[in-house]
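Dear colleague,

Please find below the structure that I am handing over to you. My findings follow directly after it.

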Amino acid sequence: MASSPFDTQKIVERLEDAGVPAVQARAHVAVLSDVLTQALSAESENTAEHFVPRQEYSVEFNLLRIALERLDAKIDKLDAKVDARMAELRSELIRWVVTVVVSLGILQTALISGLLLKFLH
């Protein structure tokens with residue numbers, strides 16, 4: 001129990017307070033300490049395998065940055081196309097509404113003129 005990742009004496013005392021014999025409590029803590037120490041040392045040895053070297057990391061980020069810039073450019077182009085199409089549709093809609101309103105005005109004028117002529121004769 002040389003270098004344990006937790007307070008072994010406190011655990012032994014808690015086990016003894018719970019009714020575990022002192023010899024058994026020390027054995028439990030020793031085993032737990034060994035297991036945790038081995039697990040932590042194995043984890044720290046394997047940690048290096050999980051990290052990408054800084055140069056590769058930098059290259060990956062640069063590639064990601066370039067891809068994002070290309071995506072931003074494509075989005076900007078699509079945005080411009082959508083804006084142009086919306087302006088075009090707005091113009092077409094205004095022309096259609098004006099045509100309908102003028103046509104209805106002409107029709108209304110023709111109907112009123114026809115009624116007036118019919119009443120006058």
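Is Arg65 buried, partly exposed or exposed, and what is its relative accessible area? Arg65 is partly exposed, its relative accessible area being 41%. Please note that this value, like the others in this message, comes from a predicted model.

Overall architecture

The chain contains 3 helices and 0 strands, and its elements follow the order α-α-α from the N terminus. Of the 121 residues in the chain, 4% are buried. The chain has an accessible surface of about 10700 Å², and carbon and sulfur atoms account for 64% of that surface.

Salt bridges

How many salt bridges does a search of the whole structure find? The search returns 2.

One of them joins Arg65 to Glu69, with 3.1 Å between the closest N and O atoms. The two residues are 4 apart in helix α3, which means that about one helical turn separates Arg65 from Glu69. Glu69, like Arg65, counts as partly exposed: the relative accessibility is 45% for Glu69 and 41% for Arg65.

A salt bridge is also formed between Glu88 and Arg85, where the closest N and O atoms lie 2.5 Å apart. Glu88 is partly exposed at 40% relative accessibility, and Arg85 is partly exposed with a relative accessible area of 40%.

The nonpolar surface patch

Which residues form a nonpolar patch on the surface? The patch consists of Leu93, Trp96, Val97, Val100, Val101, Leu104, Leu107 and Leu111. Together, these residues have about 780 Å² of accessible area.

Val101 is located in helix α3, which spans residues 54–120. Its relative accessibility is 54%, and Val101 therefore counts as exposed, because the cut-off for that class is over 50%.

Summary

To bring the points together, the predicted model has 3 helices and 0 strands.

With kind regards

Note on methods. Residues are numbered from 1 along each chain as its sequence is written. This is a predicted model: local features need pLDDT of at least 70, side-chain atom pairs count only at pLDDT 80 or more; totals for chains, interfaces and linings use all residues. Side-chain values use heavy atoms; hydrogens and water are left out. Patches are made of residues with over 30% relative accessible area and no salt bridge: like charges are joined within 9 Å, nonpolar side chains (Val, Leu, Ile, Met, Phe, Trp, Tyr) within 5 Å. Accessible areas come from the Shrake-Rupley method with a 1.4 Å probe; for residues, only the protein chains shown count as cover. A salt bridge is a side-chain nitrogen of Lys or Arg within 4 Å of a carboxyl oxygen of Asp or Glu. Buried means under 20% relative accessible area, exposed over 50%, partly exposed in between (1.4 Å probe, protein chains only).
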